[in-house]
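Q: Let's zoom in on one part of this model. Here is the structure to look at.

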Number of protein chains: 2
Amino acid sequence: MDSSRPIGVFDSGVGGLTVVRALMERLPLESIVYFGDTARVPYGVKSVATIEHFTAQIVDYLLGQQVKMLIVACNTMAAAAAHVVKARAGDVPVLDVIEAGAQAAVRDSGLRGIGVIGTPTTINSNAYARRMHQLDPTVRVYSQACPLFVPLVEEGWLDHPVTRLTAQEYLKPVLAEEVDSLVLGCTHYPLLKPLLKDVVGEGVRLVDSATTTAELAAARLHELGLASRGERPAHYRYVVTDVPLRFQTIGERFLGRSLGAVERLEW
Amino acid sequence: MDSSRPIGVFDSGVGGLTVVRALMERLPLESIVYFGDTARVPYGVKSVATIEHFTAQIVDYLLGQQVKMLIVACNTMAAAAAHVVKARAGDVPVLDVIEAGAQAAVRDSGLRGIGVIGTPTTINSNAYARRMHQLDPTVRVYSQACPLFVPLVEEGWLDHPVTRLTAQEYLKPVLAEEVDSLVLGCTHYPLLKPLLKDVVGEGVRLVDSATTTAELAAARLHELGLASRGERPAHYRYVVTDVPLRFQTIGERFLGRSLGAVERLEW
């Protein structure tokens, strides 16, 4: 496969841009096509059958864009439909945020007690706990759904008393257990890191699945001989399913830089 | 038209059940077909073009169910796509929550100062202010988007310190004006009535567009000679686009009673 091909990254909306941001920093020679299904966001409250169906459509689109790797930058899709992605991808390698977060958490937890927070669908799927137990049957995993975090991030209340109170309430049962790591199991959550760091205190390390995914992508591309050699400048494309106005505004907060042109795909 | 036909009520999700509840109480002889587009909810953050497209699909479905009246029980659709409903409805009468809420607010405001709260799309459309000014050019309208109220209601935090703090923050600019009425411009908000009543205080009346819509429907059916004479028992159907589990759980909170069977439509 041609190593100058782009990496395909996809999410239900804007959240996966935290993964794009981490990829840009870790792998500055790689081109990226980002797909955000903004007309149908959020997936976190939808059924597995619906999520499988939407995921298949997105994967087919990105494969048509000749990507050399697929990154599922949406915890909900990774939890509910990773099998759909793998079945359609053929010989294109597939990574996802759950795999990356689970590996990093299990590797670094001293106490073997790990908290996981995410959307209701991600948490109900139990995908993080299952994967961590496959990696190490001795870890204890404590999960908590935090359905208000996504709307709070999208409202821009990143350091707001309402968000702090909400975080304290959601995290109370997890912090009552003996944990030394907390996996941010939703791509919106890295924007809450400073506030969450405060709420969980010194003794708990936050595992950010955006950076862990970028690390895993770097390792996998190297292994497979697919890393870009920088033959041409890295190119970034953003494709969404709704008109891009809101994506543009919120997206720049997630990406930490200007987005440039955003394309709209009509289905 | 046969007066024993059902009324078609539709919403982007579960919120329109507050309108169904008000209709059941005001018009107990009427049958109802409720349509909730739960696979694509929420509409409140989507573009006008996307909302128009989704609305047309729903209207065509309900017309196929032989409804005698269409009620747009979703402020976002009423704000962004009322023209789409009217264009497709032919001789089937159309009501919507914005028309009902605007009429009631303008009729009863002594001070001629009216606050309106809703989703970002509803508020940005300015549909309430426009309609109220058509009804009475002397009213002053103060609008405020409250994007966190829907997720807070769906979380069930109807009387929670986080919800109170959020309401205080959102309503501060509206309450700083001389208003005596606050229109609940989203069908989720009636569930927050006790808390909002506390936050706005004695001097401000809450205008609940679910009850005002039921009033308007009663008047219009009577006018048109379409009111059911109770030839057969009222029958209620609920049709949704995602698997109904979550709709069922949350829906019973909105409806205030058991839902019975929910049908799923696959598009």
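How are α4(A) and α10(A) oriented to each other?

A: Keep in mind that this is a predicted model, where local features need pLDDT of at least 70, side-chain atom pairs count only at pLDDT 80 or more, and totals for chains, interfaces and linings use all residues. Residues are numbered from 1 along each chain as its sequence is written, chains are lettered from A and ligands numbered from 1 in the order written, and side-chain values use heavy atoms, without hydrogens or water.

α4(A) and α10(A) are roughly perpendicular to each other (that label covers 65 to 115 degrees). Helix α4 (residues 97-108) and helix α10 (residues 209-223) of chain A have axes that come within 8 Å and cross at roughly 95°. On the α4(A) side, the contact (heavy atoms within 4.5 Å) uses Val97(A), Glu99(A), Ala100(A), Gly101(A), Gln103(A) and Ala104(A), and α10(A) brings Ser209(A), Thr212(A), Thr213(A) and Leu216(A).

Cys74(A) sits in the loop between β3 (69-72) and α3 (75-89) of chain A, and is buried at 4% relative accessible area (buried means under 20%, with a 1.4 Å probe and protein chains only).

An unreviewed UniProt entry lists Cys74(A) and Cys186(A) under "active site".

Conventions: Axes are lines fitted to C-alpha atoms, for helices over the stretch in contact, and angles run from 0 to 180 degrees between N-to-C directions. Helices (H or I, at least four residues) and strands (E, at least two) are DSSP runs, numbered from the N terminus. Angles under 35 degrees count as roughly parallel, over 145 as roughly antiparallel, 65 to 115 as roughly perpendicular and the rest as oblique. UniProt positions are given in the numbering used here, feature names are shortened, and annotations may be inferred rather than shown by experiment. Buried means under 20% relative accessible area, exposed over 50%, partly exposed in between (1.4 Å probe, protein chains only).
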